[in-house]
Amino acid sequence: MQLRVTSLPGDGIGPEVISQAICVLEEVAAGFGHDLELDEKEIGGVALAKFGNPLPDSTIQACLASQAVLLGAVGSPAFDHKPRELRPEAGLLRLRQELGAFANLRPAVFYPALAACSPLREEIVKGTDILIVRELLGGLYFGQPRSIAGEPGARQAINTMSYGEPEIERIARVAFQLAQTRRRRLLSVDKSNVLECSRLWREVVTRLARDFPDVQLSHMYVDSAAMALVLKPVGFDVILTENMFGDVLSDQAGGIVGSLGLLASASIGGPVGLYEPVHGSAPDIAGQGIANPLGAILSVALMLRHTFHLLKEAECVEAGVISTLMGGFRTRDLARPGERTVSTEEMGAQITEFVRLAAIANNQAAS
Ligand code: NAD
């Protein structure tokens, strides 16, 4: 199969973690017989420094010509004082819009080898396997009007939350379909006791449930969901929610299972999928070779599953991560006091080697 991927390493630790993710992807392609076509482009601070634009046209064109985009991270203190449109983060927000990626998937999976990384007791967090499906292009973050206006001391700030039925239906459909591939339980999170947007949300999701009789749908207010996530995270399968609630709950779910460096995400729904670790550019550790590449590598697994539908290959990468963690390999963010740590490169090399051996075993079994 042909895999056309654009890589956007971006800023800070982005290039360090993406180089390891690319090694793993190249090994998957070589080992499982796929033809990988890679194109690397600029985004964020590096693009601003080179082109004066956080998302140059050449980057957009390359992304739209590929099937999937693998992004590192954007953000650099050098641009913190700039206006919003001239900051690295503006490039990423625009890219999501350009790609029409309205469905953001954030898995939060508990790894037994990392039980000590969770702030929760092992008996509470053990078995947690949640998929959060967050609406990414609507709601409060994009609604108009938005402004801060008025005289100093009496200024007024406005943001608008707005959702249309088609917008709710398309994200809900993605969530129902994903629930069908998992434990068939879908929880829709809203605030329908207070917000009109949430009332419409609940009505549309309930109506759509008739098309998915094999999925058990339930509803919860966002405040109750936040509490239930820490009290009984194993009770969740797929969570469907709007943009802002999803932003908060997905970070919370990530915190429950451990380090930020472990978390991967997929933004799908448009013609080209966008895959990126959840963490930012981590300027405090950039260039030291100590960043955890697992979030970027698990983003490759999401890409193999959701864009290329290569389930065996996706599972192989995930198994490589589990095996590496079981083998005791830890980047600094995962290590407990006194534990030996490995570099970004060593961690990536372990998973690449696992994939190489797994592909050989797979090919031998097939012949
Ligand atoms: P961050 O995620 O970059 O870092 C938070 C903390 O986690 C830091 O201490 C960092 O060292 C650590 N960390 C993050 N990723 C790690 C990894 N892979 N391995 C080990 N440790 C890791 O968040 P921040 O410090 O709030 O933001 C830094 C910059 O990144 C800002 O410019 C921000 O706007 C940007 N940002 C970008 C994205 C993105 O590109 N999707 C997301 C969040 C923040």
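A search of the whole structure finds 22 salt bridges, a salt bridge being a side-chain nitrogen of Lys or Arg within 4 Å of a carboxyl oxygen of Asp or Glu. The structure is a predicted model, in which local features need pLDDT of at least 70 and side-chain atom pairs count only at pLDDT 80 or more, whereas totals for chains, interfaces and linings use all residues. Residues are numbered from 1 along each chain as its sequence is written, and side-chain values use heavy atoms, with hydrogens and water left out.

Among these salt bridges, R94 pairs with E98 at an N to O distance of 3.6 Å. The two residues are four apart in helix α4 (residues 88–98) and are therefore separated by about one helical turn; helices (H or I, at least four residues) and strands (E, at least two) are DSSP runs, numbered from the N terminus. R94 has a relative accessible area of 32% and is thus partly exposed, and E98, at 36%, is also partly exposed. In these terms, buried means under 20% relative accessible area, exposed over 50%, and partly exposed in between (1.4 Å probe, protein chains only).

The side chains of D237 and R182 meet in a salt bridge of 2.9 Å, N to O. This pair links distant parts of the chain, 55 residues apart: D237 is in the loop between α8 and β10 (238–241), and R182 is in the loop between α6 (165–180) and β8 (185–190). D237 is buried, with a relative accessible area of 2%, whereas R182 is partly exposed at 25%.

The ligand is surrounded by 21 residues, a residue being near if one of its heavy atoms lies within 4 Å. The closest are V74, E89, G280, A282 and N292. By class, this shell has ten nonpolar, seven polar and four charged residues; Ala, Val, Leu, Ile, Met, Phe, Trp, Tyr, Cys and Pro count as nonpolar, Asp, Glu, Lys and Arg as charged, and the others, Gly among them, as polar. One oxygen atom of the ligand is 2.7 Å from a polar backbone atom of G280. An oxygen atom of the ligand is also 2.9 Å from an N or O atom in the side chain of D284.

Technical notes
A polar contact is a pair of N or O atoms within 3.5 Å; within protein, one must be able to donate a hydrogen and the other to accept it, and residues adjacent in sequence count only if both atoms are side-chain atoms.
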